[in-house]
Amino acid sequence: MDERRSPSPCSSRPSSPRTPPNEMFGPVGIEAVLDQLRIKAMKTGFEFNIMVVGQSGLGKSTMVNTLFKSKVWQSTEPNLDVPMPQTLELHSVTHVIEEKGLKLKLTVTDTPGFGDQINNDKCWDPILSYINQQYEQYLQEELLITRQRHIPDTRVHCCVYFVPPTGHCLRPLDIEFLRRLCRTVNVVPVIARADSLTIEERDAFRSRIQQNLKTHCIDVYPQKCFDEDVNDRLLNSKIREQIPFAVVGADREHIVNGRCVLGRKTKWGIIEAPISRT
């Protein structure tokens, strides 16, 4: 079977110009470009498409709501009377989030049914097919002679993969899917419900996952091609040390030491979601 390989997220990035700056005799107003870009960005806003992948019950909906501080995705309560879907389905929802006059058109694509079956063979095919289809659709719009002034961007910019907090290592399903997924889209693996692990268990689990990623040549975000200069290399190295990120989702606010925080309350205390407010 001839499998068509999609280009990696880094393959289309242009190389940084290395031409030294020319000697100038006075200002020409180049700095005005930044103001123009800012005005245009404030007027049109940005688009960000994120996909969340993981088994049911890992807190994907809660984590997305925590990340964007809004009810982006409504989780559905499990119903024993409704049979579990036998095939993977993709659901997308779009919201416009506005902060300080800047608009973000956020599209979240969920993948209910992934990894929930007894036989999960090739359960990643619908996901990869959807991602490639969005790339192809955007490319065809760009190739038109008379194209739209603003092409709707439905490409998946980032895929957050939720790893179950088993404390052991990546499962064969995780490895097989991530190997295929990292060739097509930027992948950010996270340890779901990380509060169920102790600090020692979490650190050991992260180390084993990092070793799994290295052994199986799974190139997650940020890839090496993003290390364009010394500053980028230092920043990306710090990020790679923390991959996979340990996350805790929360959808309720609590009062802690006189301040309102977003977190989950347990009998030991309140687990605060470590995302700063602006």
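**Exercise 1.** Is Val28 buried or exposed?

*Solution.* The model is predicted: local features need pLDDT of at least 70, side-chain atom pairs count only at pLDDT 80 or more, and totals for chains, interfaces and linings use all residues. Residues are numbered from 1 along each chain as its sequence is written, and side-chain values use heavy atoms, with hydrogens and water left out.

Step 1. Recall the classes: buried means under 20% relative accessible area, exposed over 50%, and partly exposed in between (1.4 Å probe, protein chains only).
Step 2. Val28 has a relative accessible area of 62%, so Val28 is exposed.
Step 3. Locate the residue: Val28 lies in the segment before α1 (32–44). Helices (H or I, at least four residues) and strands (E, at least two) are DSSP runs, numbered from the N terminus.

**Exercise 2.** Which residues form a nonpolar patch on the surface?

*Solution.* Step 1. Patches are made of residues with over 30% relative accessible area and no salt bridge; like charges are joined within 9 Å, nonpolar side chains (Val, Leu, Ile, Met, Phe, Trp, Tyr) within 5 Å. A salt bridge is a side-chain nitrogen of Lys or Arg within 4 Å of a carboxyl oxygen of Asp or Glu.
Step 1. The patch consists of Val28, Ile30, Val33, Leu34 and Leu37, which together have about 510 Å² of accessible area. Accessible areas come from the Shrake-Rupley method with a 1.4 Å probe; for residues, only the protein chains shown count as cover.
Step 2. For the chain, the accessible surface comes to about 18700 Å², and 54% of it belongs to carbon and sulfur atoms. Of its 278 residues, 34% count as buried.

**Exercise 3.** In what order do the 3 strands of the open sheet stand, and which stand at its edges?

*Solution.* Step 1. The chain has 6 helices and 9 strands. Two strands pair if DSSP finds at least two bridges between them.
Step 1. The order in the open sheet is β7-β8-β9, with antiparallel pairing.
Step 2. β7 (252–256) and β9 (269–272) each have a single partner strand, so they stand at the edges and one side of each is left without a neighbour in the sheet.
Step 3. Between β7 and β8 (residues 259–266) there are 5 bridges; Glu253 has Leu262 in β8 as its bridge partner.

**Exercise 4.** What value of phi does Lys100 take in the hairpin of β2 and β3?

*Solution.* Step 1. Strands β2 (residues 91–99) and β3 (residues 102–110) run antiparallel and are joined by 9 bridges. Ile97 stands opposite Leu104 in β3.
Step 1. The hairpin has 2 residues between the strands, and Lys100 takes a positive phi near 55°.
Step 2. Lys100 is not a glycine. Most residues other than glycine have a negative phi, and most peptide bonds are trans.
Step 3. With a relative accessible area of 72%, Lys100 is exposed.
Step 4. Cys217, in the loop between α5 and α6, likewise has a positive phi near 55°. Cys217 is exposed, at 65% relative accessibility.

**Exercise 5.** Where do Pro222 and Pro244 lie, and what is the peptide bond from Tyr221 to Pro222 and from Ile243 to Pro244?

*Solution.* Step 1. Pro222 is in the loop between α5 (199–215) and α6 (230–241); the bond from Tyr221 to Pro222 is cis, with omega near 0°.
Step 1. Pro244 is in the loop between α6 and β6 (245–246); the bond from Ile243 to Pro244 is cis, with omega near 0°.
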